[in-house]
Amino acid sequence: MIYLDNAATTKMFEGCADIYKEYACNLFYNPSAGYKQAIQNAKFIDEVRQVVLKKLGALKGDIIFTSGATESNNLAIRGSQRNGKWEYVFSMGEHPSVYNTALELQAQGAVVHFVPLQKNGEIDYQKLQSVLNDRTRLISCMHVSNETGAITNLAKIIELKKKYAKNSLFHVDGVQAFCKIPLERSVINDIDFYSISAHKFHGPKGIGVLYVKNIEPLKAIVFGGGQEQGKRSGTENLPAIMAMKYAIEQIDVEFNLNKVQQLKTGFLKVFEDENGVSFIETQSPYIISMSFQTVNGETLMRAVENEVIIGVGSACSAKHAGNRILENIGFVKDKVKSSVRISFNAYMNLEDAEKAGQIILATYKDIREKVK
């Protein structure tokens with residue numbers, strides 16, 4: 001079985017399971033308790049905060065542990081919300097955990113701007129500029145699109161923010177970028193919030209991070225015992241936090257990026273003479289959005305699933321008809337239906353990537369002949 005849906009989730013490093021078991025079964029003490037074993041666990045958690053900051057390249061800031069990116073995104077957005085005539089800005093390419101939160105803000109009476117995408121999947125920076133003003137409270141966008149692999153020019157948004165909405169906060173959903181593509185220090189230090197999810201980079205599910213440059217303006221949306229500086233109450237998920245640390249420390253971002261670029265090149269070479277197959281040319285090699293003319297994407301996914309696992313878009317919206325992101329970049333209805341998502345990890349080999357391409361192409365041709 002060749003797994004090519006890594007944007008949905010990744011296989012956890014086996015070492016993470018060993019770490020998880022150690023902190024779940026032996027060093028299981030509640031970090032908020034007062035005895036020495038618990039205090040030591042609290043110190044372990046603080047060490048992980050430094051590991052995350054270092055991987056981000058942040059000179060300063062706070063790390064809030066959450067249950068995953070959905071909670072991190074909600075905390076950044078809802079925790080930034082204020083009464084008054086504030087405005088909130090989102091791209092049309094956001095993950096449901098951001099997009100649906102934006103819709104909820106709008107339903108509550110807030111002024112919400114949804115900025116369209118360009119043909120390459122990036123946010124339309126000119127349209128973004130047109131909605132920024134002194135009332136802008138929050139700008140929120142993805143770093144890397146989970147649907148297309150498009151990389152947002154964060155430096156450009158920071159430039160626009162400083163010029164047209166200098167009092168606003170900037171939130172970035174970094175789920176498909178952290179531990180996958182380099183993040184310049186000059187960029188991260190101008191970002192107010194950055195969301196991370198461990199299961200996207202071979203860590204455990206159920207643990208995420210919200211990086212916060214300045215924790216004071218952030219309001220809590222979960223209340224209880226006051227953990228995470230009072231911003232996210234609840235007993236810390238120590239085993240998952242420590243397993244996430246292990247995953248982060250295993251990853252060489254630059255080495256992996258080069259490896260995945262080779263996988264993408266080898267995979268796409270299989271399709272270079274097939275006119276019925278097209279794909280969006282984007283910067284991140286980890287994700288490819290492909291269209292197979294005249295064949296339904298879900299049909300293709302089902303047809304190959306015993307040999308190759310591929311996706312048909314965000315796993316969090318797979319049960320909903322259509323595809324908001326592909327439609328927004330100009331795909332017609334038939335092309336949306338014929339699209340699939342291919343997503344790699346750095347720990348597969350080139351031979352498997354090429355073999356997967358050959359299986360997908362042969363299956364596509366077979367289905368196409370049958371539906372003529």
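Author: Let's start with the second largest cavity, which holds about 80 Å³ of space. It has 14 lining residues, and K180, K200, F201, H202 and Y286 sit closest to its centre. Bear in mind that this is a predicted model, where local features need pLDDT of at least 70, side-chain atom pairs count only at pLDDT 80 or more, and totals for chains, interfaces and linings use all residues. Residues are numbered from 1 along each chain as its sequence is written, and side-chain values use heavy atoms, with hydrogens and water left out.

On a 1 Å grid over the protein atoms alone, a cavity is a set of points where a 1.4 Å probe fits but cannot get out; a pocket is an open set with protein on both sides within 12 Å along at least five of seven lines, and lining residues have an atom within 4 Å of a point. Points are joined across faces, edges and corners, and a volume is the space filled by probe spheres set on them.

By class, the lining of this cavity has seven nonpolar, five polar and two charged residues. Here Ala, Val, Leu, Ile, Met, Phe, Trp, Tyr, Cys and Pro are nonpolar, Asp, Glu, Lys and Arg charged, and the others, Gly among them, polar.

H202 turns up again at the second largest pocket, where K11, H202, N345, Y347 and M348 lie nearest the centre among 13 lining residues. That pocket has a volume of about 310 Å³, and its lining splits into seven nonpolar, three polar and three charged residues.
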